Amino acid sequence: MAQKILIIDSSSMIAMRLKVLLELIGCEVELVHYSMFDQSSNIDAYDMLAFSQGTPTTLVASLVKQATHQSFLLLAPKAESGELLDAFGKLNELVPDATIIYPFFSNKEITSFIEDLLEIGPDHIFKLPTILLVDHVSERLEMLKSSLVGAHIEVYTATNHDEALNIAKLRMIDILISDFSLKEGLGLDIFTSLKQIQPHSRCLLLTSRPAQVSMIEAIRQGVEDVLIKPLDDNVLLQAVHKLWQTELLKRHNAELVERLQDTVDVLIEKDSLLQVIFKNTPDPILLFERKGKIVEANDACLKLFNLPFKKLIAHSLFHFLDDDSVKAIKDKISTLNSNRQFSCDLHIVNKDGSKIPLVGSFNEIDHHGEIALAVIFKNVTHLKQKEDLLLEAKDLLEEQVRARTSQLEHAKNIAEAANLSKSEFLV
């Protein structure tokens, strides 16, 4: 049964890398951003919990408290920032027994650590081979069988070519151990026929006369080794163990290659979809380092800055903004909160000195182990124009109100003067 792994992430590349490696060794993996994690989830359903740097300590503390049997992984930051390392140190204090995965670890090292953690337990069973023994001398056959059965290996026996193939048609055979010269035919002939039925079978040949065996022909047909009779139990078991370890490694590698290909196909498909979405999104999107160096930009961003990609990435983002915008971004970056997100008003300065008003939505991300920021720009020129029109309309309305008020005040004064003249006349 596949082991279930939960990865709580904070938008890091190493978390996605870990997910792929876990899937390659047959695990069921759920990768979720901490902001989207449902804290009512059943933690006992998982065999391992992994937390990336940046995951809130309150969430980690809560999950560790709920855990009853799980092992833990912590995904360390690559950045040399003291603030990040201090935050990760606090995370490590909550899970002191966790295995720490660093970004500079190779895939092989990470896989080895994970397999060691997952294989601890009563359910881990070493798979033994199924062996077909072939010898026309019954006494030797029983002696060899006894040696292998004593090592808890499943063994089938045959005395000739036909018996061996009849067994192979009904049973999965991992290793054929055959005498080189049989009463009828050769062990090599049996192996050749067996390979047609079960291509993954391996072979050991036994002989008392090494000179009679054509090693080149044996190797050409896939024989792993030729053992010299008489042989004791240790020699036989060591040869079987060596061959079986090699076969298991070969099968494991074949499974990994197949899983890797499946995973690569899925990742390529997802990456292609994300690239299409990123490239064609109407809002300008830009990825840049903390010091401003531009790393990536979509088509809408190239259009906004009116530059081809190669020329755009030759500049810092701050090169295109006015001083107030640069100061606002740097201030926000230096005081990022736990959400690692912020928004601010910006202005791009054109070559003619005119400015394009923008609103930038920024999000801190892990870009290949380094801290970077992704920003989505919203061009608010039309909103500014509407705002200017509203302000202009407001000023016009206020002027009209003042003029009308003045007219009413003048009319009032004339009426009061006329009334006063009337009163004086009557007197």
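Helices (H or I, at least four residues) and strands (E, at least two) are DSSP runs, numbered from the N terminus. Asp 262 lies in helix α9, which covers residues 233-280. The model is predicted, so local features need pLDDT of at least 70 and side-chain atom pairs count only at pLDDT 80 or more, whereas totals for chains, interfaces and linings use all residues. Residues are numbered from 1 along each chain as its sequence is written, and side-chain values use heavy atoms, with hydrogens and water left out.

On the surface, Glu 258, Asp 262, Asp 265 and Glu 269 gather in a patch of negative charge, where a patch consists of residues with over 30% relative accessible area and no salt bridge, like charges being joined within 9 Å and nonpolar side chains (Val, Leu, Ile, Met, Phe, Trp, Tyr) within 5 Å. A salt bridge is a side-chain nitrogen of Lys or Arg within 4 Å of a carboxyl oxygen of Asp or Glu.

The table uses these classes: buried is under 20% relative accessible area, exposed over 50%, and partly exposed in between (1.4 Å probe, protein chains only).

| Residue | Relative accessibility | Class |
|---|---|---|
| Asp 262 | 45% | partly exposed |
| Cys 301 | 0% | buried |
| Cys 344 | 9% | buried |
| Asn 306 | 67% | exposed |

The structure holds 0 disulfides, a disulfide being a pair of cysteine sulfur atoms within 2.5 Å. The sulfur of Cys 301 is 15 Å from the closest cysteine sulfur, in Cys 344, which is too far for a bond.

In the backbone, the peptide bond from Lys 229 to Pro 230 is cis, with omega near -5°, and Pro 230 sits in the loop between β10 (225-228) and α9. Asn 306, in the loop between α10 (299-305) and α11 (309-312), has a positive phi of about 55° although it is not a glycine.

Methods
Accessible areas come from the Shrake-Rupley method with a 1.4 Å probe; for residues, only the protein chains shown count as cover. Lys and Arg count as positive and Asp and Glu as negative; His and the chain ends are not counted. The place of a charge is taken as NZ of Lys, CZ of Arg, CG of Asp or CD of Glu.
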